Amino acid sequence: MASSDEGLRDPANGAGRGGSARLRVAVPSVAERVADELRFQLAEGMLVPGTRLTEAAIAEELGVSRNTVREAFAELASERLVVRHPNRGVFVATLEAGDIHDVYTVRRAIEVSAIRGGGTPERIAAVRAAVEEGRRAAALEDNEGLGSANQHFHGAIVALAGSNRLNTIMAHILAEMRLFFHKASVDARFYSGYLTENDEICSALEAGELDHAGELLRAYLDRSEAQQRAVHGE
């Protein structure tokens, strides 16, 4: 791992200060890329609600400055993925039950629309790959791996649309979803219940039955929301 912020910089910005202003604007800042990495760790279940995050540890792990990590924390705090407690530090957020409906409203809007639009063979193959990843995890009784495969499935559905903006929104949503799911996933069967439905949705997509795939996905999200509301006591 690099020992300075240079380690996270995009090679496309290699011109440094002599590069064009347009290029520098187009390349995400180092702090944004650190925030992206932390969102990824949240979505993958590597950071659980209530975990204390320290600037020094993350700066060392990612090879960036503490100031850069501080900027990334501010971005994640604005998204309510982390919270800062005075005199205590920064912690992974524990989302409230009242957030559930809002998150699922966004999911229905972007996931159902994306699957009804279909996608390239390569993007459809990525949806199938996530289903197969889930099957392998289930065979190994790897509940966390199954949870990550489920995240990859929904990320691949949104990626069908071929929109970087939607992918960015979904990265935030997936991080929030994993924070919700931590409470429910103490039941080892929690994620396995989604695997059959994922397969059915993917099969409809592969068959070109896009409206049917959208209907299956909407019903799936409705059931998932109801389950989350019950788990969180709403």
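Predicted model: local features only at pLDDT ≥ 70, side-chain atom pairs only at ≥ 80, totals over all residues.
Within α10, the buried residues are Ala213, Gly214, Leu217, Tyr220, Leu221, Ser224, Glu225 and Gln228; because they cover an arc of only 140° around the axis, they fall on the same side of α10. An α-helix has 3.6 residues a turn, so residues three or four places apart point the same way.

A search of the whole structure for aromatic pairs returned 1. This pair is formed by Tyr194 and Tyr220, with a distance of 5.3 Å centre to centre and an angle of 45° between the planes, and is accordingly classed as tilted. Since Tyr194 belongs to helix α9 (residues 192-206) and Tyr220 to helix α10, the pair ties together parts that are 26 residues apart in sequence. Both Tyr194 and Tyr220 are buried.

The largest pocket has a volume of about 480 Å³. It is lined by 21 residues, of which Asp36, Arg39, Asn167, Thr168 and Ala171 are the closest to its centre. At least two residues of the lining of the largest pocket come from each of α2 (30-43), α7 (143-159) and α8 (164-184), with α8 giving the most, namely 7 residues. By class, the lining of the largest pocket consists of 8 nonpolar, 7 polar and 6 charged residues.

Key:
Residues numbered from 1 in each chain as written. Heavy atoms only, no water. 1 Å grid on protein atoms, 1.4 Å probe; cavity = no way out; pocket = protein on both sides within 12 Å on 5 of 7 lines; lining within 4 Å. Points joined across faces, edges and corners; volume = space filled by probe spheres on them. Helix = DSSP H or I, 4+ residues; strand = E, 2+ residues; numbered from the N terminus. Nonpolar A, V, L, I, M, F, W, Y, C, P; charged D, E, K, R; others polar. Buried < 20%, exposed > 50% of the residue type's maximum accessible area, 1.4 Å probe, protein only. Arc of directions from axis to C-beta. Phe/Tyr/Trp six-rings, centres within 6.5 Å; stacked < 30°, edge-to-face > 60°.
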